[in-house]
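This report walks through the structure shown below. The text goes from each chain to its parts, and then to the place where the chains meet.

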Amino acid sequence: MNAVLPQLTLEQWDARYAELVRGGLREPAYGGPLSRHVEREGDLRLRQLRFDNSAAALRLWNFLLTENERLRAARDRGDRLVGTMKDLGTVPVLAYSLPGLRAFYPDGAWWTPCLMECSDRLLQQAEALGIDASFCPVRAMLGAFHSEEHFPLPDLLVCSAGAVCDDFSAIAQRLERLGQRIVWWEMPRRRPPEAHEAVCALPGGLTAPQLQVDVVREELQRVAGALGELAGHELDAALVAPGIRAANAVRRQLAALRATVYGAQGAPLPALEMLVAEMLAVHFCSDREECLGVLRELLAEAQARVAVGKFVTADDAVRIYWVNPVADLRAMNLLEECGGRLCGTEFMFTHALDLIPEDLPPFEALARTALADPMVGPARDRARRVVAECRRYRAEAVVVARIPGASHCPWESELIRGQVHAQTGLSAVELEIPPVCDALLPTLRTRLQTVIEIARTRRKS
Amino acid sequence: MISAGIDAGSRAIKVVLFDHANSRIVGQGIADQGVEQQRLAEQLYERTLREAGLERAQVQAIIATGYGRNAVRFAGTTITEITCHARGVHHLKPDARTIIEIGGQDSKVIHLEDGGRVRDFAMNDRCAAGTGRFLEVVAARLGVDLPTLSGLSRQSRSPAIISSTCVVFAETEIIGLLAEGASAPDIAAGVQKSIATRLISLVGRPIAGPVYFTGGVALQAGMVRALEEALASPVQVAPQPQYTGALGAAILAARVAA
């Protein structure tokens with residue numbers, strides 16, 4: 001059995017950081033020891049996490065945790081900020097096609113209560129603003145807009161509506177009522193084409209009626225008009241095409257990273273770092289070029305580890321396919337603590353991972369990509385993808401994370417688990433993970449350990 | 001070979017000593033759970049060994065299971081209670097396909113494949129309203145112990161309707177029902193019905209039978225009746241239902257020792 005690469009506590013990372021610096025570590029401007037995020041930003045949760053020990057992982061974390069600074073610095077330099085809400089990956093491609101615009105993802109505030117172990121009081125603020133615990137933790141975004149502490153107020157807010165998450169629509173409407181101007185764009189519910197309709201192929205092997213794609217394309221052109229107005233420069237197809245190619249460069253990098261990590265015999269990178277890395281696809285963490293650099297370094301680390309057979313889990317770790325992101329990052333560590341390893345994910349934004357077609361007119365290509373959003377179509381489409389990836393990456397069990405309050409979770413989860421079991425015979429467990437899951441750790445551990453025990457028993461039979 | 005299974009549950013600790021050569025239980029014991037979980041488990045283990053006429057050295061493997069399994073440090077390893085209950089019930093009743101276990105702080109439904117392998121499981125652990133804790137709260141409110149509560153429900157003519165999905169609010173409802181003159185038997189039956197109803201969604205449809213009921217709550221005959229009515233399916237009580245988790249652990253210990 002190979003020696004397992006250690007995952008480090010925050011304290012251990014400080015020592016590791018000093019060692020790397022002594023060894024000549026070269027860092028970007030946002031570099032530094034991880035523990036400073038606890039001291040300066042109050043990211044208390046970092047003290048409970050275990051991190052990958054590589055310089056590439058250090059860069060990933062520092063990139064993630066300095067987004068607020070990056071956005072404020074960009075504004076100081078004269079960039080205009082665009083908050084792109086809910087669509088998870090398409091409008092940022094448009095925004096970054098224009099010089100002087102920087103898109104970010106206010107919904108990302110849903111991790112702030114976790115990172116700050118609720119000391120931010122964002123959830124309480126959201127409740128005071130009329131959005132209580134019966135909604136998804138993304139309601140933290142409302143408190144963040146109110147406090148203006150976690151991201152600068154954007155110059156323009158763009159939000160998809162229609163066949164998107166009910167919770168998010170309600171929260172965003174509340175935000176608008178509180179005085180934030182929002183450019184809404186309509187996302188129809190994706191449906192199979194009827195016999196008389198022209199069929200349009202979407203990324204991810206999906207199809208939709210061309211009529212729906214036309215609607216989304218026109219909506220995106222309207223959004224492009226608003227972005228162009230903000231930038232003082234028309235956003236036409238000639239500008240969007242290189243924007244798509246640049247976005248695809250990030251997506252290709254992520255695809256290579258996923259294939260390397262999930263396809264490997266052992267796990268070259270931990271589940272937690274893979275979750276963070278995949279989330280970068282949504283809006284490039286406010287710096288598309290740097291995002292690419294972060295992912296390149298991470299991929300190089302993963303490839304180097306695979307080449308020498310060094311992994312972060314034991315050789316016999318159970319291959320787990322994970323559905324939905326977790327509100328508490330600690331849950332990803334738990335997977336490895338219980339004897340599992342990540343071998344695939346479906347974090348609800350697969351349309352931000354699939355390549356945007358480059359051989360189509362740019363707005364048509366973006367419309368098709370947007371309509372492939374797993375959240376705007378039937379859950380059976382999600383289940384189909386999960387089943388296919390379970391087979392591709394030889395999953396031995398499936399974990400469906402449930403986000404407390406998220407209205408889509410209860411019915412989607414049941415359908416996905418049912419389809420996985422019916423088509424692959426794999427056991428699928430559901431875990432509900434609140435923003436700080438400490439009190440639930442024993443029961444979460446029991447569930448994960450059970451699914452791993454089931455998988456191990458299957459290996460023997 | 002003799003092995004031991006220790007089920008450190010939230011309400012009680014159970015120990016089973018199993019002789020693999022004869023495939024039989026050679027000792028068993030039960031004690032209340034408490035704050036000093038390690039010490040209580042050790043005391044019970046020693047007592048069970050003594051009563052069985054065995055020495056520690058004769059036990060070749062120990063597995064701990066249950067909510068407090070990690071506190072049992074003298075065990076060789078731990079296995080989850082789901083796997084252990086499944087193994088224990090399968091040993092006693094090889095035809096079992098669905099197991100319902102209602103414990104002190106959670107309830108579980110375990111689906112088995114041919115050969116007793118766990119196919120899938122579902123747990124309710126977010127609310128005490130579907131667990132044995134609910135029965136304890138109600139028994140305390142009615143001023144009776146748990147066996148008496150079970151007997152009371154048998155006298156019910158019209159089970160009270162407990163509408164709340166939360167034990168805390170349900171207790172408030174019970175106070176209201178008592179104030180309205182509802183009888184203790186009707187309240188007891190109403191609570192059992194409420195717990196059973198909450199389990200239906202965990203069981204799923206169609207129900208794969210035979211269904212076995214295990215865990216300490218399975219000793220409550222009224223609870224068995226309530227489950228049968230809610231599921232519209234026969235429910236059989238596993239032999240010695242409090243011990244199936246510890247039994248499964250003891251049986252699995254042989255595999256670990258090998």
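Helices (H or I, at least four residues) and strands (E, at least two) are DSSP runs, numbered from the N terminus. By that reading chain A has 18 helices and 10 strands. The model is predicted: local features need pLDDT of at least 70, side-chain atom pairs count only at pLDDT 80 or more, and totals for chains, interfaces and linings use all residues. Residues are numbered from 1 along each chain as its sequence is written, while chains are lettered from A and ligands numbered from 1 in the order in which they are written.

**Chain A as a whole**

The radius of gyration is taken over C-alpha atoms, and the globule rule is 2.2 Å times the number of residues to the power 0.38. For chain A the radius of gyration is 21 Å, close to the 23 Å given by the rule for 461 residues, so the chain is as compact as a globular protein of that length. Along the principal axes, its C-alpha atoms fill a box of roughly 60 × 55 × 45 Å.

A residue is buried if 20 or more other C-beta atoms lie within 10 Å of its own, exposed if 12 or fewer, and partly exposed in between, with C-beta atoms placed from the backbone. Of the 461 residues of chain A, 54% count as buried. Two residues are in contact if their C-beta atoms, placed from the backbone, lie within 7 Å. Among contacts in chain A with a separation of 6 or more, 76% are between residues 24 or more positions apart.

**Parts of chain A**

Helix α3 (residues 55–65) of chain A is mostly covered, with 9 of its 11 residues buried. Among the buried ones are A:Leu58, A:Arg59, A:Trp61 and A:Phe63. The cover over the buried residues of α3(A) includes α2 (36–41), α12 (271–283) and α13 (288–308) of chain A.

Two strands pair if DSSP finds at least two bridges between them. Strands β5 (residues 199–202) and β6 (residues 206–209) of chain A run antiparallel and are joined by 4 bridges. Within this pair, A:Cys200 stands opposite A:Ala208. The two strands form a hairpin with 3 residues between them, and A:Gly204 in the turn has a positive phi of about 80 degrees.

A:Ala133 is in the loop between α7 (122–128) and α8 (140–147) of chain A, whereas A:Arg380 belongs to helix α16 (residues 379–392) of chain A. A:Ala133 counts as partly exposed because it has 13 C-beta neighbours inside 10 Å. A:Arg380 is partly exposed, with 13 C-beta neighbours inside 10 Å. Leaving out residues up to four places away in sequence, A:Arg380 touches A:Leu415 and A:Gln419. The table lists one C-alpha separation for each residue.

| Residue pair | Places apart along the chain | C-alpha separation |
|---|---|---|
| A:Ala133 and A:Leu123 | 10 residues | 8.0 Å |
| A:Arg380 and A:Thr350 | 30 residues | 14 Å |

**Chain B**

Domain bounds come from an automatic or database domain assignment. Chain B is divided into domain 1 (2–88 + 242–257) and domain 2 (96–238). Taken over C-alpha atoms, the centres of these domains are separated by 26 Å. Where they touch, 12 residues of domain 1 of chain B are in contact with 16 residues of domain 2 of chain B. On the domain 1 side, helix α2 (residues 81–92) of chain B gives the largest share, 5 residues.

Chain B also holds an open sheet of 5 strands in the order β3-β2-β1-β4-β5, with mixed pairing. Its edge strands are β3 (24–32) and β5 (77–78) of chain B, each pairing on one side only. Strands β1 (residues 2–8) and β4 (residues 59–65) of chain B run parallel, joined by 6 bridges. In β4(B), B:Ile62 is the bridge partner of B:Ala4.

Axes are lines fitted to C-alpha atoms, for helices over the stretch in contact, and angles run from 0 to 180 degrees between N-to-C directions. Helix α1 (residues 37–52) of chain B lies across β1, β2 (12–19) and β3 of chain B, at about 140 degrees to β3(B). Helix α8 (residues 244–257) of chain B packs on the sheet and touches β1, β2, β3, β4 and β5 of chain B, its direction making about 135 degrees with that of β1(B).

**Where the chains meet**

How many residues does the contact take from chain A and from chain B? Each of the two chains gives 13 residues. On the chain A side, α18(A) gives the most, with 9 residues.
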